[in-house]
Amino acid sequence: MNAPGTRRFAPDWLALREPADAAARHRGLAAEAGRFLRRPEHGAPLLVCDLGGGTGSMARWTAPILPGPQHWVVYDRDEDLLRRARAGPPSAAADGRPVTVETRTAELTVLTGSDLRGADLVTASALLDVLTTDEAYALVAACTGARCPALLTLSVAGRVVLAPEEPLDREIEAAFNAHQRRESGGRTLLGPDAPGAVAQAFAGAGAHVLVRDSPWRLGPDLRALAAAWLEGWVAAAVEQRPDLGVRARDYLDRRRSQCADGDLHVEVHHRDLLALPDDGGGGRM
């Protein structure tokens, strides 16, 4: 996912956020997914399809949690990001077995169950909130068509907590959330409504759905990320509500100073979702 308010999936932004993503994702859900995976015969690797995988950060985080040999197929429309995914594969699985990575350039909105056929697990990170309702339902259909678990992490939840608090926090938050739900190129984005909509769609398709909180916690040790996030958060809010103008500019100046001094703490709330096969374990959906 891009920095808030930007238009391109920037490699520098993805690299900056990777440690916070790794700390935030719900490890228990990944472990639960591992317990439900089938065990391929004759030592064949698990096949994991990572949607919108960018530079491969989801593979680098998840692969060491899952046992057994694995083969990851990372899908993204940006070939530059995919080159980075190939250059930085996961080191090994949880039991030390090898993990391999291949990449495929693709538009995620046109993937179907047949494209994912044979997958043992589908993953995605920071993806659902930039989809429309139709696109999200198509993603659910593709996952259920592949008849395998889906682990979808770090969807924006629409809640930010800053310390120290300021009166303008909630107004900026509301404007940002409206920006997340904006119409863009004829597409109305789900934004923070995505986790609930996708969970409901999976449940309607017969999956057992688990949802857990996965907040970023940004303090002085992650001040570079906090500063970059803050700039984008406020910029998106002002783009949505230009009347915030001068107040937002003064607010941003104060927050920049707090961040530089190590006095700003931010929680950016996300949700992780695991959709499990409906047969109770180890089987296909």
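This is a predicted model: local features need pLDDT of at least 70, side-chain atom pairs count only at pLDDT 80 or more; totals for chains, interfaces and linings use all residues.

Analyst: C143 counts as buried, because its relative accessibility is 0%. The closest cysteine sulfur to that of C143 belongs to C148, but the two are 6.4 Å apart, so they are too far from each other for a bond. A disulfide would need the sulfur atoms within 2.5 Å, and by that rule the count comes to zero disulfides. C259 is another buried cysteine, with a relative accessible area of 5%.

Now for the surroundings. V122 touches both C143 and C148, and its other contacts beyond four places in sequence are C49, L51, L116, P149, A150 and L151. V122 is also one of the residues that touch the most other members of the largest nonpolar core, which has 32 residues; L51, Y75, L116, L152, V198 and F202 are the others. Elements giving two or more residues to this core include strand 1 (46-51), strand 4 (121-125), helix 5 (133-146) and strand 5 (150-163). A second, separate core has 30 residues, among them L14, L81, L162 and V268.

L81 takes us to helix 4 (residues 79-87), where the buried residues are L81, L82 and A85. These cover an arc of only 100 degrees around the axis, so they lie on the same side of helix 4. They pack against helix 1 (11-24), strand 2 (70-76) and strand 3 (99-105). At the start of helix 4, a side-chain oxygen of D78 comes within 2.9 Å of the backbone nitrogen of D80.

Conventions:
Residues are numbered from 1 along each chain as its sequence is written. Side-chain values use heavy atoms; hydrogens and water are left out. Buried means under 20% relative accessible area, exposed over 50%, partly exposed in between (1.4 Å probe, protein chains only). Helices (H or I, at least four residues) and strands (E, at least two) are DSSP runs, numbered from the N terminus. The arc is that of the directions from the helix axis to the C-beta atoms. Contact means heavy atoms within 4.5 Å. A polar contact is a pair of N or O atoms within 3.5 Å; within protein, one must be able to donate a hydrogen and the other to accept it, and residues adjacent in sequence count only if both atoms are side-chain atoms. A nonpolar core is a set of buried Ala, Val, Leu, Ile, Met, Phe, Trp, Tyr and Cys residues joined through side-chain atoms within 4.5 Å.
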